[in-house]
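Open the model in your viewer and keep the sequence panel beside it. The tour below goes stop by stop, with something to select at each one.

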Amino acid sequence: MQDAAGILEVYGCVAALVAADAAAKAANVRIESIDKNKPAHAETLPVPLITCLKIRGSVSDVQMALDAAAQAAESITGVVTKHMISGPTKDCEKMLRISAL
């Protein structure tokens, strides 16, 4: 069975690490990677770095993990966006393996 992919973008590295910890404790998931991105308008953001957490596991586990991770990150610097892909395509799988950190 193919794993679902959860993607959570947050402000800053600390929020990403706290979110990853919450996700791993909330459900049976694995942390695929943590990526960073400094957007062009970084000086207007609460924290000038957007960090993307990628979570893998079953659909139900990824959803529970994403919810816990978002709640944890929200209490620190905030969440940009979150999304779950229940059945990534082969090409999407390639992109999910890319890590910029």
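## Start at strand E1

This is a predicted model. Select residues 4-11, which form strand E1; 6 of its 8 residues are buried, so that the strand is mostly covered, where buried means under 20% relative accessible area.

Keep E1 selected and look for its partners.

Next, select residues 79-85, strand E4. E4 also pairs with E1 in the antiparallel sense, here over 6 bridges.

## Step back to the whole chain

Now colour by secondary structure. There are 3 helices and 4 strands in the chain, and from the N terminus their order is β-α-β-β-α-β-α.

Show the C-alpha atoms alone. They fill a box of roughly 45 × 30 × 20 Å along the principal axes. The radius of gyration is 13 Å, which agrees with the value near 13 Å for a compact globule of 101 residues.

Finish with the surface. Its accessible area is about 5,500 Å², and carbon and sulfur atoms hold 57% of that. Buried residues are 41% of the 101 in the chain. Colour by charge to see 10 positive and 11 negative side chains; the centres of the two sets are 6 Å apart.

How values were computed
Residues are numbered from 1 along each chain as its sequence is written. This is a predicted model: local features need pLDDT of at least 70, side-chain atom pairs count only at pLDDT 80 or more; totals for chains, interfaces and linings use all residues. Side-chain values use heavy atoms; hydrogens and water are left out. Helices (H or I, at least four residues) and strands (E, at least two) are DSSP runs, numbered from the N terminus. The radius of gyration is taken over C-alpha atoms; the globule rule is 2.2 Å times the number of residues to the power 0.38. Buried means under 20% relative accessible area, exposed over 50%, partly exposed in between (1.4 Å probe, protein chains only). Accessible areas come from the Shrake-Rupley method with a 1.4 Å probe; for residues, only the protein chains shown count as cover. Lys and Arg count as positive and Asp and Glu as negative; His and the chain ends are not counted. The place of a charge is taken as NZ of Lys, CZ of Arg, CG of Asp or CD of Glu. Two strands pair if DSSP finds at least two bridges between them.
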